[in-house]
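Hi everyone, thanks for coming. Today I'd like to walk you through the spaces in one protein and the residues around them. Have a look at the structure first.

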Amino acid sequence: MKPTVAPFPTTRLRRMRQSPALRRLARQNTLSVDDLIWPVFVMDGKDDETPVASMPGVTRKTVNRVVKAAKEAHDLGIPAICIFPYTGMEARTEDCALAWSPDNISNQAIRAIKNAVPEIAVMTDIALDPYNINGHDGFVEDGQIVNDRTVDALVKMALAQAEAGADILGPSDMMDGRIGAIRAALESDGHQNVTILSYTAKYASSFYGPFRDAVGASSALTGDKNTYQMDPGNSDEALRLVERDLSEGADMVMVKPGMPYLDICRRVKDSFGVPTYAYQVSGEYAMVQAAAQNGWLDHDKVMLESLLCFKRAGCDGVLTYFAPAAARLLNG
Ligand code: PBG
């Protein structure tokens, strides 16, 4: 329905913007700590953390420090934390067997967090890239990223994470058929309450650069991920992927990267009305930090504005490295 708008001066749209009280009353979307998922990097070692050069303010942490971060997140009211493992070249193999080891660093972190802070939801990453000698999310045979054999490995990885106590599984690999295969395995293995937040519309993006430094994948990666991640020029394909993942058993869907892809968030939300998330990725974080460090942007204001805009675009939540900083501001 089109609102009746009388001509100026009967209608003065500035009337509703004149005071904080009226602006608050008219505001359609708000950001709260409930909307945040905090991605953290876990590494081997004892009580230590190392900075990620291209992500100022972000560190890789040993398990005990990740547990401390989870406590901090919970105290701030952040509902979920998402674990990404750092693996050096020496731990990477062609068969990626470490990916489904119950004792790999991610699974250790999941167990330790669920032990210390059971209330916080723990999200994982399902993809072979941290464990793969060539940095790809799937197995490589004769220069091709093979789909079906990769899905079998992803299922083993998912079960190990569910066994460790993960609440939300995050398949980020973009193989076809993985959501259905993971869901079926969870059902038959007694993990029917484990949720899946599918990286459904994940684009082949150059905004992931700093993340690949953070997890040690930059030097490992040979070639690009264009045969499995989406083409940045596509939009309709995102809807086909969402429909597919929902039909296979995804509980939540994600658009990634975030800010340059807000149009996709809106289309997904309008078309399906399901829990929809965006990943404000490492490159987006790095851009804001770099500009703020130069005094070119106001860090806090740009951070909160960028996160609010995800809500306006239809997202129910955002994965963001800003989560603790944003939570502190939102909590006053
Ligand atoms: C890997 C994965 C990536 C990110 C999350 N999971 C990188 C990639 O696909 O190469 C990117 C996150 C970020 O840039 O912050 N499966």
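Let's start with a question: by class, how many nonpolar, polar and charged residues does the lining of the largest pocket have? Keep in mind that what you see is a predicted model. The count is 11 nonpolar, 4 polar and 6 charged residues.

The volume of this largest pocket is about 310 Å³. It is lined by 21 residues, and Trp38, Gly57, Val58, Lys61 and Pro324 are the closest to its centre. Several elements each give at least two residues to that lining, among them strand S1 (36-42), helix H2 (63-76) and helix H11 (323-330).

Now over to the second largest pocket, with about 210 Å³ of space. Here 14 residues form the lining, and those nearest the centre are Met174, Asp176, Thr227, Tyr228 and Gln229. Helix H7, residues 236-248, provides the largest share of this lining, with 3 residues.

Next, the ligand. Which residues come nearest to the ligand? Out of 17 around it, they are Lys202, Arg212, Lys256, Ser282 and Tyr321. The shell has 7 nonpolar, 3 polar and 7 charged residues.

Let's look at some contacts. Ser282 has a polar side-chain atom 2.7 Å from a ligand oxygen, and for Gln229 that distance to an oxygen of the ligand is 2.9 Å. In Lys256, a side-chain N or O atom sits 3.5 Å from a nitrogen of the ligand. On its own the ligand would expose 410 Å², and the protein buries 100% of that. The space the ligand takes up is the largest cavity.

Definitions and conventions
Residues numbered from 1 in each chain as written. Predicted model: local features only at pLDDT ≥ 70, side-chain atom pairs only at ≥ 80, totals over all residues. Heavy atoms only, no water. Near = heavy atom within 4 Å. Polar contact = N/O pair within 3.5 Å; in protein donor to acceptor, adjacent residues only side chain to side chain. Areas by Shrake-Rupley, 256 points an atom, 1.4 Å probe, with all protein chains shown as cover. 1 Å grid on protein atoms, 1.4 Å probe; cavity = no way out; pocket = protein on both sides within 12 Å on 5 of 7 lines; lining within 4 Å. Sits in = over half its atoms within 2 Å of the grid points. Nonpolar A, V, L, I, M, F, W, Y, C, P; charged D, E, K, R; others polar. Points joined across faces, edges and corners; volume = space filled by probe spheres on them. Helix = DSSP H or I, 4+ residues; strand = E, 2+ residues; numbered from the N terminus.
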